Amino acid sequence: MSAPHLPKVAGIDPEVPVSTHTAAPLREVPAAPGAFIQDRLAGWVSDLTTLHELTERLAGTATLDAALNELLHAGAALVGARRGLLVLEPAGPGTPSTTLGLGLSHADLGHLETVERGATALGRVLDGVPGTADGIAGPDLLGDKNLDPRHREVATRLGYAASYALPLASEQAGRLGGAAWLYDEPGEPSEKQRHLVGLYARYATEHLARLIELERARADVATVAEELLPSRLPRIPGVQLAARHRTGPRGGGDWYDALPLPEHTLGLAVGSVGGSGPSAMAAMGRLRASLRAYAVMEGEDPVAVLSDLELLLRLTEPARTATALFAYCEPAARKVVLAGAGHTPPLVLGERRCEFVETTLSAPLGMLACWEAPSVEFSPAPGETVLLYTDGLLRRTGDPMDRAFARLHSAAASVPKAGRHDPAAVADHVLRTMLPDGLDRTDSAEDVVILAAHFD
């Protein structure tokens, strides 16, 4: 009877070769094939468990940068290296080439970039040179007489003696780039290590391809959102303007506007349309365009402007709600008349005060059969800045609203005196203080708008 045929697991050949150079025993000892099989299976299970854990961690990354870092670290663990670098070169517009290092400084990466591309294993992998699809090992770079002189110089300076390069490519995604791991001593990954890192790299390539498409889609959303907002802010004597806008990954309905009105007056508006995605962005564009028309006709009466806007929203989009705030400004007289529909109150920052403007309680547009609320008038002192914003600035902090308002007040009050006469500096400081460590560019669904008006 022939020996039982063992199944293959994850592409790993389960057959164990039998040595032909065994010494003749004094007496026959029966072989124990079960022990060999059990040890081999235990090894396969361990390898597959490690591979599963690494791919699960990679699948949990939601941004391209996080995925690239995870890939570099996991690859280094699989091939037993301490350092490495990765180059991402996806085809098509919208995603630039990216170089990332593991255990390498920017200066180290700069030295590596001075080596001719075709003189390194990673360069040949990136160029798709025949024979590089399964990776290239350089087990003893300094002992290679044919090594490029510049490559030898850089390897000596950075202190690595061997490398292993692998393409980031698959049938569906194509070639996205390549990765290389560097060894401090001569050596190369074993056949099992190459097999595991190859499986991991193919999975990583598919995951990177999905994230690249997501990044491109986000870039398109951000471009459309910016096109729906003012291309530039008007210049009106007596007032300086600055605006900051951050769009969520799906695109949202937060917007702002500043339009010159007759006799050197100015209309300022911020608003937020309910929902997210293309429909919210389209509704935001329509609402902003309508408000501009109403402001030109009756801008001196902010209540009338918002009443007309509410009627339009109720008739044309009865299932949608929005918040809005419109302010009519006379910079020469330093007079501001505003009305809000369920919107967050403005904040006034100056030498002697930092306080919210007390606006009347009002419902968002589209919530009531007939919207109306009284207007509020106040006078900014010379050198004061009026800050208009959307509630996305508060919600992105993750704090309860009362604490978020207190945080905003503290952020505005902490603006350095040297920057209080520059509305751009005020807006940037508030944004950085409210949303530190990149929170202004996270995957939050909330848009953020800040519109600052500094009165001379």
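Biologist: Which strands each supply at least two residues of the lining of the largest cavity?

Modeller: Strands here are DSSP E runs of at least two residues, helices are H or I runs of at least four, and both are numbered from the N terminus. A cavity is a set of points, on a 1 Å grid over the protein atoms alone, where a 1.4 Å probe fits but cannot get out, and a lining residue has an atom within 4 Å of a point. In this structure the strands are S9, S10 (335–341), S14 (385–389) and S15 (448–455). This is a predicted model, where local features need pLDDT of at least 70 and side-chain atom pairs pLDDT 80 or more, while totals for chains, interfaces and linings use all residues. Residues are numbered from 1 along each chain as its sequence is written, and side-chain values use heavy atoms, leaving out hydrogens and water.

Biologist: What kinds of residues make up its lining, nonpolar, polar or charged?

Modeller: Count Ala, Val, Leu, Ile, Met, Phe, Trp, Tyr, Cys and Pro as nonpolar, Asp, Glu, Lys and Arg as charged, and the others, including Gly, as polar. Here you get 11 nonpolar residues, no polar and no charged ones. Among them are Leu 268, Cys 329, Pro 346 and Phe 455.

Biologist: And the nonpolar core: which residues touch the most other members of the largest one?

Modeller: A core joins buried Ala, Val, Leu, Ile, Met, Phe, Trp, Tyr and Cys residues through side-chain atoms within 4.5 Å. Buried is under 20% relative accessible area, exposed is over 50%, and partly exposed is in between (1.4 Å probe, protein chains only). The largest core has 50 residues, and Trp 255, Leu 268, Leu 291, Leu 306 and Phe 326 touch the most other members. S9 gives this core its largest share, seven residues. Take Leu 291: leaving aside residues up to four places away in sequence, its contacts (heavy atoms within 4.5 Å) include Trp 255, Val 305 and Phe 326. There's also a second, separate core of 33 residues, with Ala 67 and Leu 102 among them.

Biologist: How many salt bridges does the count come to?

Modeller: Side chains of opposite charge can pair when their charged atoms come close. The rule asks for a Lys or Arg side-chain nitrogen within 4 Å of an Asp or Glu carboxyl oxygen. That gives 20 salt bridges.

Biologist: Which parts does the bridge between Asp 257 and Arg 292 tie together?

Modeller: Asp 257 and Arg 292 meet at 2.6 Å, N to O. Asp 257 is in strand S7 (252–261) and Arg 292 in helix H7 (278–298), so their bridge ties together parts 35 residues apart in sequence. Asp 257 is buried at 0% relative accessible area, whereas Arg 292 is partly exposed at 30%.

Biologist: How far apart in helix H6 are Arg 216 and Glu 213?

Modeller: They sit three residues apart in H6 (191–227), so about one helical turn separates them. Arg 216 is buried at 15%, and Glu 213 is partly exposed at 47%.

Terms used. On a 1 Å grid over the protein atoms alone, a cavity is a set of points where a 1.4 Å probe fits but cannot get out, and a pocket is an open set with protein on both sides within 12 Å along at least five of seven lines; lining residues have an atom within 4 Å of a point.
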